[in-house]
Amino acid sequence: MSISIFHSARLFDGLNEAVIENASVIVEGNRIREVGANLTWTGDARRIDCAGHFLMPGLIDAHYHANTPSYDFYGTDRMHPALLAAHAGRLLTGALDRGYTTIRDAGGGDVGLKMALDAGLIDGPRFFYPGKALTQTGGHGDMRRRGAIEPCGCGAYAGVITRAVDGPDEMRKAVREEFRQGATQIKIFLSGGVSTDLAPIDMPHFTDAEITVAVEEAARRGSYVMAHCHTDEGARRCVELGVRTIEHGSLITADTAAMIAAAGAFVVPTLSAGELIGAHAAELGLPASSAEKIRAVNRRTLEAVEACAAAGVRLGLGCDLHGDAFLQKQNRELVLRGQVQKPVDVLRSATSVNAEIVQMQGQLGQITPGAYADMILLAGDPMTDLAVFDEPLRNILLVVKSGRLARDRRQS
Ligand SMILES: [Zn+2]
């Protein structure tokens, strides 16, 4: 198998705070074979000089939406599948451009995209997906506009990114259906949201019995449930009912953070979504009520992340941005998290913690023997200044996925 040696780097392995100076990473095929300072290799190898640069695991975005090309969710819901797929291809390619070698889709990403990625038709990141996100009728994810009448009379609803289910039996069926289509995790909406005016943010979604069925069915598959949840009360329900990852978590208090930590659940804050939507609500065509909701939530979100970090909650990292224009700011999530966490903790969230979230601990998100050779080479030192991520297309010199130089921006 072919050998590549990335040498003379400053290296963060995704886990340890201590940076290894003059590090080499020996890659064999698509896996990492050896890592250390001053390694030697006598056989044939491709040598990649990393002197003066910073090598770290490829980034993982734990809350991405490949199948929502804009903030017009209603329009997306009615988009022709071929057009939607063309948009998704571009969004996935863009994530890899920005150093994300893995993404976890948070609703709408489906098996068709996974097959296109595996077939090499889209040059994008590794892809973990939930299929359609599950909402209750009239919940945050129910994309029918008020006044719309169901033509069939059965009242059931499934759009391209969400599906409405009511009652434990429908939930069980829907969860099994997503797993039949290869879903890697299940996404549910457990509170109202800020990007639509469909349900008040503090409205609890689903009954305990419905959520319990989703958790149970996912566990049977060796998988788990991720829940859209802004409220403190919703986060408590997540812990009590066995939801594994709490998405957004914008209003979590210190007491609830302690419960989450004790349960070993994850929180995936999405700060850049709040910041960007808050600043551009009107031009995105969001209703004034959404804009006000967003600004109110934003004011509390940093405190929630801080409370979680202080309580020892395992924090993932995700952008939750929609559409190509906003996704140019995908890496800003790391910069924003730097406001309340040490750089090394932010880097761990974006690599090894997120790898744990996608159930690939030891395989992704770390540069250690046996792991997949997914890495990025940076001009700049994120350990001292996370702002290096504000300009990913300039500062990320190499994106390595499965040992392949997927993007190479070094000056020759
Ligand atoms: Zn989302």
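The model is predicted. The C-alpha centres of domain 1 and domain 2 lie 31 Å apart.

**Exercise 1. Describe the side of domain 1 that touches domain 2.**

Solution. 
Step 1. The domain assignment gives residues 3-57 together with 366-408 as domain 1, and residues 59-330 as domain 2.
Step 2. Nine residues from domain 1 and seven residues from domain 2 take part in the contact.
Step 3. On the domain 1 side, at least two residues each are supplied by α13 (392-395), β18 (396-401) and β19 (404-408).
Step 4. Of the elements on that side, β18 gives the most, with three residues.
Step 5. Sorted by class, the side of domain 1 that touches domain 2 has six nonpolar, no polar and three charged residues.

**Exercise 2. Characterise the packing of helix α6 and helix α7.**

Solution. 
Step 1. Two packed helices are described by the angle between their axes and by the distance between the axes.
Step 2. The axes of α6 (residues 232-241) and α7 come within 10 Å and cross at roughly 20°.
Step 3. Because angles under 35 degrees count as roughly parallel, α6 is roughly parallel to α7.
Step 4. The two helices, α6 and α7, cross in a left-handed sense.
Step 5. From α6, the residues Asp232, Ala235, Arg236 and Val239 meet Thr256, Met259, Ile260 and Ala263 of α7.
Step 6. By class, this contact of α6 with α7 comprises five nonpolar, one polar and two charged residues.

**Exercise 3. Characterise the packing of helix α7 and helix α9, and classify the residues in their contact.**

Solution. 
Step 1. Helix α7 (residues 254-263) packs with α9 at an angle of about 45°, and their axes are 8 Å apart.
Step 2. This angle makes α7 oblique to α9.
Step 3. The crossing in which α7 passes α9 is right-handed.
Step 4. In α7, the residues Ala254, Ala257, Ala258, Ile260 and Ala261 meet Ala307, Cys308 and Ala311 in α9.
Step 5. The class count for the contact of α7 with α9 is eight nonpolar, no polar and no charged residues.
Step 6. Ile260 of α7 meets residues of α9, and Ile260 is also listed among the α7 residues that meet α6.

**Exercise 4. At what angle do helix α8 and helix α9 pack, and which residues meet?**

Solution. 
Step 1. Helix α8 (residues 271-280) and helix α9 (residues 288-311) pack at about 140°, their axes being 9 Å apart.
Step 2. Since only angles over 145 degrees count as roughly antiparallel, α8 is oblique to α9.
Step 3. The handedness of the crossing of α8 and α9 is left-handed.
Step 4. Leu271, Gly274, Glu275, Ile277 and Gly278 of α8 meet Ile294, Arg295, Val297, Asn298 and Thr301 of α9.
Step 5. By class, four nonpolar, four polar and two charged residues form the contact of α8 with α9.

Notes: Residues are numbered from 1 along each chain as its sequence is written. This is a predicted model: local features need pLDDT of at least 70, side-chain atom pairs count only at pLDDT 80 or more; totals for chains, interfaces and linings use all residues. Axes are lines fitted to C-alpha atoms, for helices over the stretch in contact, and angles run from 0 to 180 degrees between N-to-C directions. Helices (H or I, at least four residues) and strands (E, at least two) are DSSP runs, numbered from the N terminus. Angles under 35 degrees count as roughly parallel, over 145 as roughly antiparallel, 65 to 115 as roughly perpendicular and the rest as oblique. A crossing is left-handed if the near helix is turned anticlockwise from the far one by less than a right angle, and right-handed if clockwise. Two residues are in contact if their C-beta atoms, placed from the backbone, lie within 7 Å. Ala, Val, Leu, Ile, Met, Phe, Trp, Tyr, Cys and Pro count as nonpolar, Asp, Glu, Lys and Arg as charged, and the others, Gly among them, as polar. Domain bounds come from an automatic or database domain assignment.
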